[in-house]
Structure formats: C-alpha cells, structure tokens
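Biologist: Could you walk me through this model? I will ask as we go.

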There are 4 protein chains.
Amino acid sequence: MADTQRQRLEAKEEAILAAATAVFGESGVDGARMAEIARRADVAEGTVYLYYKNKHELLEAVVDRFWRELTKGAIAAISEGATVSQQLHELASYHLQSLIDDFKIVEITSRARMRHGEPGRQLPQIREYVRVFDAIMQRGIDLREFSEDTVIWQIRDVFYGTLEFSARTLVLREQGFDPTVIDNLMQLFVQYRPSSQTDNARGLDASEIMQALSRIETKLSQS
Amino acid sequence: MADTQRQRLEAKEEAILAAATAVFGESGVDGARMAEIARRADVAEGTVYLYYKNKHELLEAVVDRFWRELTKGAIAAISEGATVSQQLHELASYHLQSLIDDFKIVEITSRARMRHGEPGRQLPQIREYVRVFDAIMQRGIDLREFSEDTVIWQIRDVFYGTLEFSARTLVLREQGFDPTVIDNLMQLFVQYRPSSQTDNARGLDASEIMQALSRIETKLSQS
Amino acid sequence: MADTQRQRLEAKEEAILAAATAVFGESGVDGARMAEIARRADVAEGTVYLYYKNKHELLEAVVDRFWRELTKGAIAAISEGATVSQQLHELASYHLQSLIDDFKIVEITSRARMRHGEPGRQLPQIREYVRVFDAIMQRGIDLREFSEDTVIWQIRDVFYGTLEFSARTLVLREQGFDPTVIDNLMQLFVQYRPSSQTDNARGLDASEIMQALSRIETKLSQS
Amino acid sequence: MADTQRQRLEAKEEAILAAATAVFGESGVDGARMAEIARRADVAEGTVYLYYKNKHELLEAVVDRFWRELTKGAIAAISEGATVSQQLHELASYHLQSLIDDFKIVEITSRARMRHGEPGRQLPQIREYVRVFDAIMQRGIDLREFSEDTVIWQIRDVFYGTLEFSARTLVLREQGFDPTVIDNLMQLFVQYRPSSQTDNARGLDASEIMQALSRIETKLSQS
DNA sequence: GATGAATGAGAGTTCATTCAT
DNA sequence: CATGAATGAACTCTCATTCAT
C-alpha cells in the first residue's frame with residue numbers, strides 16, 4: 001500500500017515532467033503556460049506546485065531529466081565491444097538524432113542555468129552526458145587509436161559543436177537525419193590518429209573489419 | 001535643414017536599435033521590456049512604436065542589424081592579400097570573439113525567424129554572413145589549396161559549429177577569447193588539403209569501408 | 001456544499017453582470033473601464049476574465065441579460081385576463097418606463113451585435129422581447145379586436161419607435177414617465193380596429209369598463 | 001487674394017468636416033482616429049487642431065453640420081405648393097432615406113450632446129430640423145386639415161420615432177428604402193383629421209375613461 | 001498657418017502563484 | 001494530498017494632443 005501510494009506519486013510527478021517537457025519544447029520557456037502543463041498532465045494547476053516550487057524549478061527538473069535520459073540513451077546506443085571509431089559513430093548518430101527530435105529543449109537548457117538572472121552554472125547532468133564522449137575518447141587514447149597529444153575538450157567541442165550546428169540546419173530546413181553529416185565528422189577524427197601510418201592502417205583494417213562483420217552476423221542471427 | 005532632420009531621425013532609430021540590442025541581449029526576448037528599451041534610448045515608449053510596429057519587428061530589426069554588422073566586421077577583419085589559411089584563421093578569430101561578446105543575440109536569432117509560431121524562415125542576413133566563409137573556401141578550392149572533393153556546407157558546419165560551441169563554453173566559464181580553440185580548428189582543415197599520397201588513398205578506402213559498415217550496424221541496431 | 005460553491009459562483013457572476021450593466025450604462029462601451037467594473041463587483045480584475053473572455057463578451061452578456069430581464073418583466077407586467085387594449089397599454093407603460101430607466105443599455109445594444117466590426121446579427125433575445133408585442137397583437141386580430149388587414153411588423157415599428165423616441169425626449173429633458181405618451185399612442189391603435197363602429201364601441205364600453213373596475217376592486221382588496 | 005485665402009481655409013475646414021463625418025460614421029466616436037480623419041482630409045494631424053480644439057469639438061461640428069444639411073435637404077425635398085399630406089409624405093420619405101444613409105451619425109448625435117459626461121443639452125440644430133415637421137403640421141391645423149386638438153409634440157414623436165425605428169430595422173436587415181413604411185405611417189395621420197361625428201365623440205369619451213382606468217391599474221400593479 | 005514626430009497616460013489582457021475548501 | 005477559483009502585478013500597444021520647426 002505504501003508502495004502503491006509512492007508509485008502513484010511518482011507516476012504523477014512523471015506525468016507532470018513529461019507534460020512540461022512537451023509544452024516547454026513546443027512553446028519555449030516563456031511561451032509555456034503552467035495551466036497547459038497541468039492540463040496535459042491531467043492534474044490541477046495547484047498540484048504542479050506541490051511538486052515544484054515554481055516555473056523555474058519545473059524547468060530545471062525538465063532540463064535535468066532530459067539530459068539524464070539523453071545520457072542513458074547514449075550509453076544504451078553504444079555497442080560495448082565495438083571499436084572506438086564505431087562507438088564514436090554510434091554516439092554521433094544518437095546525438096544528432098536526439099537533437100533533431102528535441103532541439104527546443106537543448107536551446108532551453110541555457111535558461112535553466114540561471115537563477116534570477118545570475119551568471120550561469122554548469123549543469124551537472126550535462127557534465128555527465130559529456131563524459132560519455134570523454135570516456136570513449138580516453139579509451140581511444142589509451143588504446144593508442146588516438147594520439148596522446150589529443151586535447152579532449154578541444155575535439156569534444158568539434159564533435160558536439162558540429163552536430164549541434166548541423167542539427168539546427170537540418171531542423172530549419174525541415175530535413176531529417178542526414179548520415180553524411182556523421183560521415184563527414186568521423187573523417188575529421190582520422191587525423192587525430194597516431195601517424196605510424198601504413199602498418200597501423202593495415203592492421204586496423206584487418207581487425208576492425210573482421211570485428212564489425214562478426215558483430216553484424218551476430219545481430220542478424222539474433223533478429 | 002532637411003538633412004539635420006533626417007539625421008536626427010536616423011540617430012533616434014539607431015539609439016532605439018542599440019538600446020534594444022542591449023536589453024534583448026541582457027534579458028532575452030520575453031524578459032526585455034519595451035519600457036526599458038525606450039528608457040535607454042532616451043525616448044518615450046510610444047516613440048519606439050513609430051519606428052517598429054511591435055516588439056517582434058523590433059527584434060527582427062535588432063537581429064537583422066546584428067548579422068549585417070557582423071558581416072561588415074568579418075569582411076573588414078580579413079586581410080585581402082593573405083593566404084586562404086590565414087583568412088580562415090582571421091575569420092575564425094573574429095567569429096569567436098564576436099560570439100563571446102554577443103552570445104545572447106545569436107541565441108535570440110531563432111526567435112526572429114518565427115512569425116507568430118510559424119515554422120521559421122531563413123534569414124537573408126545570415127546567408128550573407130555565411131557567404132563570407134564560403135567565398136574563402138571556394139577560393140581555396142579554386143587555388144587547389146583544398147581538395148576538389150570538399151563539400152563546403154559540411155566543412156562550414158564544422159567551422160561555425162565548433163566556434164559556437166566553444167564560445168558557449170568559454171562564456172559559461174567566464175573565460176575570454178582562447179586562441180587554442182582557433183588553432184585546433186585550423187588543424188582540422190589540414191586534412192581537406194589535397195594529398196598526392198597513394199598510401200593515404202588506400203587507407204581512406206579502408207576507412208570508407210568502415211563507415212559503410214558502421215552505417216549498416218547503426219541501422220540494424222535501430223530496427 | 002457543492003450547492004454553496006455553485007451558488008457562490010453564480011452570485012459572483014451576477015455581481016459582475018450587475019456592475020458591468022451599471023458601468024456600461026453610465027459610461028458607454030468604450031468609456032467603461034474593466035477595472036471599474038471589477039471594483040464595483042468587488043472582485044479582482046482578472047476574475048472578470050474567468051467569467052467572460054473579453055470586454056466584448058461581457059458586453060454581450062450584459063445586453064443579453066438586459067433583454068431577457070426585460071422580456072420577463074414585460075410578461076409579468078401584463079394582466080393575463082385583460083383585454084388586448086389593456087395589455088397593450090400595460091406593455092407600452094412598462095416599455096416606456098424601462099427605456100427611461102435604462103436608455104443607455106438600449107443604445108449600447110447595437111454594439112453587442114457586432115463581432116469585430118462585422119455587419120451585425122439579429123439578437124435572439126430582442127426577437128423574444130418583440131414577440132411579447134406580436135403575441136398580443138395576434139390575439140387582438142384573432143379576437144377581431146383588430147382588423148385582419150393589420151400588418152404586425154408595421155404597427156410594431158410604430159409602437160416601439162414612438163415609445164423609444166419619446167423616452168429619449170423625456171430622458172433628455174430630464175422629465176420622467178409621461179402617461180400622455182401612452183394615451184396618445186394607444187389612440188393610434190383605435191384605427192386598426194374593425195370599423196363596425198357604434199355597436200362595437202358601445203358593447204366594448206360596457207364590458208371592458210366593468211371588467212377593469214372589477215380587477216381594480218380585486219387588487220385593492222388584496223393590497 | 002484675401003478671398004482666395006479665406007476660401008482655401010474654408011475648403012480645408014470643409015474637407016476635415018467631410019472626412020470626420022465619414023470616419024465617425026464608419027467607426028463610431030471612439031473608434032474614429034484623429035490620424036485617419038487627417039489622412040482623409042489630406043492635412044497633417046496637427047492641422048485638425050487648428051480648426052477644432054479637440055476630438056469632441058470636432059464631433060460637435062460634425063453633428064451640427066449633419067443636422068443643418070439635413071434641414072436644408074428636408075426643405076428642398078418639400079414641394080411648396082403641395083397639400084399638407086403630400087408634404088408630410090415627402091418629408092417622411094426624405095427622412096427615412098437619410099436615416100438609412102447615415103444611421104451612424106444619428107446614433108452618434110447623443111454623444112455630441114455631452115460635455116464630459118454632463119447631463120445633455122438640446123442641440124439647436126436638431127430643434128431647427130424638427131421645426132420643419134412642426135411647421136407643416138401647424139399649417140395643417142391652421143388649414144383645418146388636422147384637428148385643433150392635435151398635440152404636435154405627440155404626433156411628432158410618432159412620426160420620427162416610427163421612421164427611426166423602421167430605418168434601424170431596414171439597415172440591420174440590409175434592406176433598402178421601403179415605401180410601405182411611409183404609407184403605413186401616413187395612414188395613421190388620417191385619424192388626426194377633424195371628424196364631425198358626435199358618435200365618435202361619444203365613443204372617444206368611453207375610450208378616455210378606459211385609458212384613465214388603465215393608468216390606475218398600472219399604478220396599482222406597480223406599487 | 002501647417003507640419004508630423006514625439007509624448008505618455010491609460011487601457012485591456014495574461015498568467016504565475018496562492019489558499020480556502 | 002489535490003483542487004481550481006481568485007488574485008493583481010506587469011506587460012504591450014494605442015492614440016489624442018502638443019510643439020519645435
């Protein structure tokens with residue numbers, strides 16, 4: 001019974017959060033009306049304030065949840081056994097698609113960083129999300145697939161920056177997901193590879209191709 | 001006398017635009033109050049409406065002016081006789097600095113694209129600005145400093161995307177202009193240079209195969 | 001408890017309507033300020049908008065209510081058993097008195113007919129009110145008190161037109177109700193009577209006078 | 001030259017008055033914008049204030065001019081040598097047509113009577129207009145075409161009231177001029193003609209008794 | 001006299017937040 | 001816990017009127 005009670009509460013909180021995400025996404029922060037959020041969550045207006053002190057805290061919760069879910073999704077999207085390049089590819093695809101789906105929430109994120117016009121804080125949930133990329137890159141460096149000289153935060157800016165900008169362009173033109181964006185981005189990463197050239201290239205070819213093919217075979221036999 | 005009159009009008013319009021730019025930048029679109037803009041422009045509230053039909057048109061004018069000034073500044077920042085690489089470096093520096101100075105206006109730009117919640121139009125002023133980059137790149141390709149295969153819009157996304165993302169990071173951390181961001185970005189462009197090496201060509205084949213395989217995997221994991 | 005709640009709501013709506021009627025009547029449509037209406041209804045400004053979407057809908061409600069109440073009052077003012085002439089007399093008196101009391105609301109009625117400058121609709125509540133007159137006249141025709149040739153809408157225009165014009169004159173001169181206006185109007189209706197003259201006149205005299213006297217006696221004994 | 005000057009001024013004043021009449025008629029008093037009136041009169045906004053102190057005085061001038069023109073038109077519409085009945089018919093037709101054409105100005109007239117919400121004055125121009133009817137009626141009485149007992153202001157209320165009400169109905173239904181309205185009205189006037197019949201006189205006595213009784217009843221039912 | 005840019009008080013309306021039930 | 005009616009501060013925009021040119 002206590003469990004049922006708690007579950008009911010959590011379901012309500014989740015409903016509010018989902019409704020708020022939708023409305024914030026559609027109308028922006030200032031365009032979103034608390035009444036509309038309550039309506040979509042199927043609760044009374046006052047009820048929202050039982051869970052969140054005010055509109056801004058609701059926004060924070062929405063943004064927080066969004067990035068947490070994004071992190072969860074990113075981790076799920078990455079094949080654990082895959083090569084670093086493959087994982088980057090997967091992450092890039094996942095990120096681009098997510099941005100296209102929820103561009104507005106990303107834009108809105110900056111609003112959640114502010115407390116009454118104060119400067120702006122780092123959001124821990126975004127840190128967490130960024131760490132997914134950093135971990136892959138670090139592994140790449142550790143495995144010597146990427147040069148030791150690679151400055152992660154720099155290449156991270158290229159990675160996320162390019163995807164975000166491309167996503168905006170795609171959304172604006174009402175095009176959908178475009179794989180060439182990913183391909184183009186991934187090519188850039190080649191240059192970060194250590195320059196022991198031909199051997200490495202040959203070795204990389206053989207092993208990676210074989211690994212990829214075996215993964216495909218596995219998946220195909222599963223489905 | 002007629003000139004004095006016209007000059008006074010233009011000065012007033014400019015004052016309103018400047019005030020609006022500042023206030024929109026500080027408070028965002030919805031946070032900006034018309035009364036505050038009027039106060040800063042040292043005119044009565046009603047006067048603003050003599051020049052701009054409503055808040056949204058004022059926003060459009062602000063955004064429009066911003067990008068036009070940005071284009072003007074970019075052209076001025078580029079050394080005419082310089083190499084393509086040098087010009088890209090100059091443009092990148094100028095762009096990064098501008099974004100750091102006026103990040104909010106860039107964020108706000110998306111709002112100006114909408115007419116009462118309708119989809120969103122391409123802003124001609126942004127097109128003009130982007131053309132500055134395109135022209136340099138095209139010259140690079142023509143001069144064979146860059147490969148003929150270079151797809152300009154893709155590399156453009158990398159260029160602007162990276163700078164914008166970096167600027168946001170820098171602004172958020174309250175750091176200022178960081179030249180290493182530029183250096184890092186410029187290094188990426190090296191790879192677009194034409195290479196006469198067959199090894200590289202062979203290696204590239206391998207990587208293309210990898211990319212193709214990756215795409216297959218991605219699709220399989222999505223289905 | 002649910003009843004108390006509903007009653008309280010209805011009381012509030014009624015208070016707003018009454019306040020609005022007064023303010024519209026005193027200041028006209030454009031002169032009326034929503035703040036004043038709210039103040040008189042003893043509610044906050046925003047509360048008015050919970051009941052009526054905007055000023056125009058409030059106006060419509062006021063006008064609607066006015067004519068409905070007028071209809072109710074007219075029906076109440078007419079003695080059921082009385083002769084047609086007597087009923088017309090009662091209706092005319094009631095109408096003249098009402099116009100004197102609420103002339104402004106009648107004038108304002110035309111404004112409620114418009115939806116944002118569009119042509120103008122027939123107000124159903126006015127139709128209903130007019131039907132009171134029509135019913136009496138029809139009965140008069142059926143009872144052969146009035147000629148079969150009587151065109152109701154024409155005589156109706158005379159009836160209401162004369163009373164309205166007289167009311168305006170009386171209000172303007174700050175005179176009150178003037179019974180001679182009614183007498184004069186009623187005399188006009190004599191001519192619509194079928195022309196079988198003297199007999200009819202005599203027969204009418206005897207019975208009507210007796211009826212009227214007995215009604216008076218009844219009422220006097222009741223009060 | 002002085003004449004030309006004066007003529008130019010008068011032409012400008014006339015242009016303003018004509019423009020104001022049109023705009024007041026289309027948009028009502030509060031809906032009319034001084035800027036629009038100036039635009040239509042082809043003068044600057046400030047110029048209007050050289051001729052009329054404020055909007056209200058302009059309104060007064062418009063209403064004043066309207067009734068003066070109406071009087072002029074009425075006099076012109078009446079055939080000098082015609083019978084009283086014929087003249088009444090002509091006046092009624094002219095009045096109905098004028099009301100249909102300029103109903104809004106008539107409605108607006110009441111607004112011009114007020115000085116800052118104060119009671120309301122008799123407009124001398126309306127008095128003048130009404131005198132046209134009165135003169136015809138007086139002549140009718142003098143010529144014994146109408147009974148000596150005729151109370152002019154009473155019959156005047158019937159005349160103008162009926163026409164005004166009919167005009168409103170016709171305008172509302174977007175019908176045009178309807179001659180049957182005039183015919184119906186004129187028929188009413190037959191009864192004011194002197195009758196030599198004693199029977200009628202006796203019958204009238206009876207009806208007067210009835211009316212007196214009715215008044216008593218009305219008062220009793222109101223108290 | 002004529003202009004029209006400038007004014008600024010004031011209006012209608014919205015909506016985040018509260019609190020009695 | 002939940003409700004939703006009520007609040008009222010705050011905002012955008014209008015427009016009659018003024019006055020420097």
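Modeller: I will start with a pair of helices. Helices α8(C) and α8(D) cross in a right-handed way. Right-handed means that the near helix is turned clockwise from the far one by less than a right angle, and left-handed means anticlockwise. Helices here are DSSP runs of H or I with at least four residues, strands are E runs of at least two, and both are numbered from the N terminus.

Biologist: What kind of model is this, and how is the numbering done?

Modeller: It is a predicted model, where local features need pLDDT of at least 70, side-chain atom pairs count only at pLDDT 80 or more, and totals for chains, interfaces and linings use all residues. Residues are numbered from 1 along each chain as its sequence is written, while chains are lettered from A and ligands numbered from 1 in the order in which they are written.

Biologist: Back to those helices: at what angle do α8(C) and α8(D) cross?

Modeller: Roughly 115 degrees, with the axes of the two helices, residues 152-172 in chain C and in chain D, coming within 7 Å. That makes α8(C) roughly perpendicular to α8(D). The axes are lines fitted to C-alpha atoms, for helices over the stretch in contact, and angles run from 0 to 180 degrees between N-to-C directions. Under 35 degrees counts as roughly parallel, over 145 as roughly antiparallel, 65 to 115 as roughly perpendicular and the rest as oblique.

Biologist: And what about α5(B) and α8(B)?

Modeller: The axes of α5(B), residues 84-101, and α8(B), residues 152-172, come within 9 Å and cross at roughly 40 degrees. That makes α5(B) oblique to α8(B), and this crossing is right-handed.

Biologist: New topic, the DNA. Which residues are closest to DNA strand E?

Modeller: N54(A), G46(B), G46(C), N54(C) and G46(D), out of 33 that surround DNA strand E. A residue is near a strand or molecule if its C-beta atom, placed from the backbone, lies within 6 Å of it. Among the elements that give two or more residues to this surface are α2 (34-41) and α3 (45-51) of chain A.

Biologist: How many of the residues near DNA strand E are charged?

Modeller: There are 10 charged, with 15 nonpolar and eight polar. Ala, Val, Leu, Ile, Met, Phe, Trp, Tyr, Cys and Pro count as nonpolar, Asp, Glu, Lys and Arg as charged, and the others, Gly among them, as polar.

Biologist: How many residues surround DNA strand F?

Modeller: DNA strand F is surrounded by 34 residues, the closest being A44(A), G46(A), A44(C), G46(C) and T47(C). By class they are 16 nonpolar, eight polar and 10 charged.

Biologist: Which residues of α2(D) are buried?

Modeller: I37(D), A38(D) and A41(D), in the helix of residues 34-41. They lie on the same side of α2(D), because they cover an arc of only 100 degrees around the axis. The arc is that of the directions from the helix axis to the C-beta atoms. Buried means 20 or more other C-beta atoms within 10 Å of the residue's own, exposed means 12 or fewer, and partly exposed is in between, with C-beta atoms placed from the backbone.

Biologist: What comes just after α2(D)?

Modeller: D42(D), with a positive phi of about 65 degrees. Most residues other than glycine have a negative phi. D42(B) also has a positive one, about 60 degrees, and lies in the loop between α2 and α3 of chain B.

Biologist: Is D42(B) buried or exposed?

Modeller: D42(B) is exposed, because it has 11 other C-beta atoms within 10 Å.
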